[in-house]
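Hello,

Here is the structure I promised to hand over. Please open it alongside this email; my notes follow below.

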Amino acid sequence: GGWDNGFHDQIRYWEIWNEPDGAEFWTGTPEQYYKLYETTARAIKSYDSNLKVGGPALASDVKFLEGFLKYCHEHSVPVDFVSWHRYSAEPYSVLETSKSVQALMAHYGFGKVENILDEWNYFPGDWGRIQKEAGYGEEIGKQIKGSAGAAYDAAVLTYLQDSTVDIANFY
């Protein structure tokens, strides 16, 4: 909004953090993340109630998502969208995860907010090996960009048509 001589961009969606359920991006406790989300979401909404806030940009831990949604429900924290990521070699797992996420959203009173899969792609490898083994990342990258990756992408796009996902961003 131009604060401190800043930009006047028309950003509507504000996702609070990235993958707080993984040690790579968040070193605090889940409860510390929930409080950070609450404080930030309330500040954004007090600035402009029309802006959309959400998260947690879940990496994979559905128990973390459950704790987040329970906290937000119990503390009346604004949640306009729930975001999550899915990297796998099994396209049907995207649909299964979308169902799990939607069920938790509904259980905690957020069934009508947007369900956003904001990172997805084919990943046939082992995340732990990427930085440890020279050349492994290149090998996986070739698979992602090859015919197996294309087939996976087509299958996921087909499954997404039958899901409750509102927005899906290929990454």
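Aspartate 21 touches Ala57, Leu58, Ala59, Ser60, Asp61 and Phe64, leaving aside residues up to four places away in sequence. Keep in mind that this is a predicted model. Aspartate 21 sits in the loop between β1 (13-15) and α1. Aspartate 21 is buried but has no salt bridge. Arginine 86, the nearest side chain of opposite charge, is 9.8 Å away. What does the side chain of aspartate 21 reach? The backbone nitrogen of aspartate 61, at 2.8 Å.

Now the salt bridges. There are six in the structure. Aspartate 80 pairs with lysine 45, with the closest N and O atoms 2.7 Å apart. That pair links distant parts of the chain: aspartate 80 is in the loop between α2 and β3, lysine 45 is in helix α1, and 35 residues separate them. Lysine 45 is buried, at 18% relative accessible area. Aspartate 80 is partly exposed, at 23%.

Glutamate 114 forms a salt bridge with lysine 52, the closest N and O atoms being 2.9 Å apart. Glutamate 114 is in strand β4 and lysine 52 in strand β2, so this pair ties together parts 62 residues apart in sequence. Lys35, Glu38 and Arg42 are linked in a salt-bridge network.

Last, the core. The largest nonpolar core has 34 residues. Tyr33, Tyr37, Leu65, Phe68, Leu69, Val82 and Phe110 touch the most other members. Helix α2 gives the largest share, six residues. Tyrosine 37 has contacts that include Ile16, Val53, Phe68, Cys72 and Val79.

Best wishes

Terms used. Residues numbered from 1 in each chain as written. Predicted model: local features only at pLDDT ≥ 70, side-chain atom pairs only at ≥ 80, totals over all residues. Heavy atoms only, no water. Core = buried A, V, L, I, M, F, W, Y, C linked by side-chain atoms within 4.5 Å. Buried < 20%, exposed > 50% of the residue type's maximum accessible area, 1.4 Å probe, protein only. Helix = DSSP H or I, 4+ residues; strand = E, 2+ residues; numbered from the N terminus. Contact = heavy atoms within 4.5 Å. Lys, Arg positive; Asp, Glu negative; His and termini not counted. Salt bridge = Lys/Arg side-chain N within 4 Å of Asp/Glu carboxyl O. Polar contact = N/O pair within 3.5 Å; in protein donor to acceptor, adjacent residues only side chain to side chain.
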